[in-house]
Amino acid sequence: MRLVFLGPPGSGKGTQARMVGERLGIPQVSTGDILREAVMLGTDIGRKAKSYMEGGKLVPDEIMLSLVKRRIEEPDCSGGFVLDGFPRTLAQALGLEEILQSAAQSIDAVILIDTSDEVVLKRLSRRRVCPQCKALYNLEADPPEADQLCDRCGVELILRTDDSERTVATRLNVYRKDTLPVVEYYESKGVLRKVDGSREIEQVLSSIMEEISEVRKS
Ligand code: AMP
């Protein structure tokens, strides 16, 4: 299956995309993770993307499209993928369609994890990440066993640089301005399925799996 997960920052789309990918046996393709790794490694793309990411702005479409094209052409994506954090602009959505069309493929479903600003702001201020294995924690809902240390690596957890209050506000504005048109686009094509992202992780997951099984039946 070829799936797209949409939702504001902090909607839990990364966590859900990973779990759904594991259940379906297809890779989660997170553009945020790919970019963060590129920044860490200091690659060409990483150097170009760094300042956009730190400011909560979008990395230019051309960079994103070539990055995603390369990734989804890798052999592990031949049986499908869960796109997490992409497309974020209408130009990216149209570019993705072209890439898929040229391989006689299409998106099977787009899942919108609908989450209010209030929930998002609360979640992001409590979100922590392991700098080593990238595991995500929430200090309230899903805390590590030892205070502020990763359960797997024992490394001290950090707040993502773009989770600071001011950058989160920018990211939410960017979402409204650039990504809501993508939501509307997929809605008009009849492939959008909404789930309420303000609930517990397991509840959201089971709603998503229900939506996916409906898509499979149709
Ligand atoms: P995320 O982890 O999905 O919240 O992404 C973190 C940051 O990476 C975003 O705030 C953007 O700066 C950048 N980014 C990730 N995906 C995209 C995309 N599809 N288009 C443009 N920028 C992106």
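The legends below accompany close-up views of one predicted model.

The model is predicted, so local features are described only where pLDDT is at least 70 and side-chain atom pairs only at pLDDT 80 or more, whereas totals for chains, interfaces and linings use all residues. Residues are numbered from 1 along each chain as its sequence is written, and side-chain values use heavy atoms, with hydrogens and water left out.

**View 1. The shell of residues around the ligand.** The ligand is surrounded by 16 residues, a residue being counted as near a molecule or strand if one of its heavy atoms lies within 4 Å of it. The closest of these residues are Thr31, Lys57, Gly85, Arg88 and Gln92. Sorted by class, the shell consists of six nonpolar, four polar and six charged residues; here Ala, Val, Leu, Ile, Met, Phe, Trp, Tyr, Cys and Pro count as nonpolar, Asp, Glu, Lys and Arg as charged, and the others, Gly among them, as polar. Helix 2 (residues 31-41) supplies the largest share of the shell, with four residues; helices (H or I, at least four residues) and strands (E, at least two) are DSSP runs, numbered from the N terminus.

View 2. At lysine 57, a polar backbone atom is 2.6 Å from an oxygen atom of the ligand. Arginine 36 places a polar side-chain atom 3.0 Å from an oxygen atom of the ligand, and for arginine 160 the corresponding distance from a polar side-chain atom to a ligand oxygen atom is 3.4 Å. Of the 480 Å² of accessible area that the ligand has on its own, the protein covers 96%; accessible areas come from the Shrake-Rupley method with a 1.4 Å probe, and for residues only the protein chains shown count as cover.

View 3. Strand 1 pairs in the parallel sense with strand 3 (residues 81-84) over four bridges, and arginine 2 stands opposite phenylalanine 81 of strand 3. Strand 1 also pairs in the parallel sense with strand 4 (residues 109-114) over four bridges, where valine 4 stands opposite valine 110. Two strands are said to pair if DSSP finds at least two bridges between them.

**View 4. Cysteines without disulfides.** The structure holds zero disulfides, a disulfide being a pair of cysteine sulfur atoms within 2.5 Å. Cysteine 133 is in no disulfide, and the nearest cysteine sulfur, that of cysteine 153, is 3.7 Å away; cysteine 133 counts as partly exposed, at 28% relative accessibility. For cysteine 150, the closest cysteine sulfur is in cysteine 130, and the distance of 3.7 Å is too far for a bond. Cysteine 150 counts as buried, at 3% relative accessibility.

View 5. Phenylalanine 86 and proline 87 are joined by a cis peptide bond, with omega about 0°, and proline 87 is placed in the loop between strand 3 and helix 5 (90-101). Lysine 134, in the loop between strand 5 (127-129) and strand 6 (136-138), has a phi near 70°, a positive value in a residue other than glycine, and counts as partly exposed at 37% relative accessibility. Glutamine 148 belongs to the loop between strand 6 and helix 7 (165-188); its phi is near 60°, again positive in a residue other than glycine, and its relative accessible area of 27% makes it partly exposed.

View 6. Aspartate 61 lies in helix 4 (residues 61-72) and is partly exposed, with a relative accessible area of 21%. Aspartate 61 and arginine 88 are 27 residues apart in sequence and 9.0 Å apart in space, C-alpha to C-alpha. Glutamate 210 lies in helix 8 (residues 201-217) and counts as exposed, at 52% relative accessibility. Glutamate 210 and alanine 104 are 106 residues apart in sequence and 27 Å apart in space, C-alpha to C-alpha.

Technical notes:
Polar contact = N/O pair within 3.5 Å; in protein donor to acceptor, adjacent residues only side chain to side chain. Buried < 20%, exposed > 50% of the residue type's maximum accessible area, 1.4 Å probe, protein only.
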